[in-house]
Amino acid sequence: CGKYSATNTIFTSLSGVAAVSAAGFVLNRTSGLDGFMFLFGTALAFGIAAAWAASRIPGGAPAPAPPKTAKPKGRKPTMGLRATLRDRDILAYLIGAGLISLATVPLGGFIPLFMQDVIGLSDGSVVLLQTGGLIGGVLSGYLWGWAADRYGSRPVTLTGVFFIVVLPVLWLLMPQQTAWSFPAALGIAF
């Protein structure tokens, strides 16, 4: 399962590198809203094409209805949910995933502003920063999948969480408003 997920991540990241690189190229060569409007229009066209292509994937017909059986009396549909939430391991996982999301998702909105205003990167360079993380994922994705299959998902997940925590700290410590700002930010993202 780990190698399959890694392979899927690699190919998804490669398409992301192409898209982000093209967006950074466009934004570095346009001014004002023209580049953004072009990118929005292009994304809309690709989104429609992707939805059309996905609608042509064979299969997906509804499963045949199971034979009608007598419904057990007294059992509520939420019984399974309550039993699941009584499981300490699942509850710990849900709390941990929620805390990680609470700590990291808001950063996505502020990092571009920080990179532009404090570090001094252009719009295109801020967009190109994503390529560092994507290329790092492509080059190391198969290794992480192998490690998850070999050692389990817990050490791999905890290592990923460590990298998520360290990333903004390193960006705070990097040089600001210099020629080295973009290469340093890209290397840290990688």
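Predicted model: local features only at pLDDT ≥ 70, side-chain atom pairs only at ≥ 80, totals over all residues.
Local features are taken only where pLDDT is at least 70, side-chain atom pairs count only at pLDDT 80 or more, and totals for chains, interfaces and linings use all residues. Residues are numbered from 1 along each chain as its sequence is written, and side-chain values use heavy atoms, with hydrogens and water left out. On pLDDT, the predictor's confidence in each residue from 0 to 100, the chain averages 84, and 93% of the residues score at least 70. Helices here are DSSP runs (H or I, at least four residues), numbered from the N terminus.

Helix 4 has 32 residues and spans 43 Å from first C-alpha to last, close to the expected 46 Å; the expected span is 1.5 Å times one less than the number of residues. At its start, a side-chain oxygen of D87 comes to within 3.0 Å of the backbone nitrogen of D89. Further along, helix 4 bends by about 40° at G109, with the proline P112 following within four residues. A bend is the angle between axes fitted to the seven residues ending at a residue and the seven starting there. After helix 4 comes G120, with a positive phi near 95°. Helix 6 has its own kink, about 25° at V166, shortly before the proline P168. Its 21 residues reach 30 Å, close to the 30 Å expected.

Now for the open space. A pocket is an open set of points on a 1 Å grid over the protein atoms alone, where a 1.4 Å probe fits, with protein on both sides within 12 Å along at least five of seven lines; lining residues have an atom within 4 Å of a point. The largest pocket holds about 1,200 Å³ of space. Its lining counts 38 residues, and G133, F163, I164, L167 and A189 are the closest to its centre. Helix 5 (123-151) gives the largest share of that lining, 13 residues. By class, the lining has 22 nonpolar, 16 polar and no charged residues.

The second largest pocket holds about 390 Å³. Helix 4 and helix 6 each supply at least two residues of its lining, and the largest share, 6 residues, comes from helix 4. Among the lining residues are D89, Y93, R154 and V161. Here the classes are 6 nonpolar, 3 polar and 2 charged.

How values were computed: Points joined across faces, edges and corners; volume = space filled by probe spheres on them. Nonpolar A, V, L, I, M, F, W, Y, C, P; charged D, E, K, R; others polar. Polar contact = N/O pair within 3.5 Å; in protein donor to acceptor, adjacent residues only side chain to side chain.
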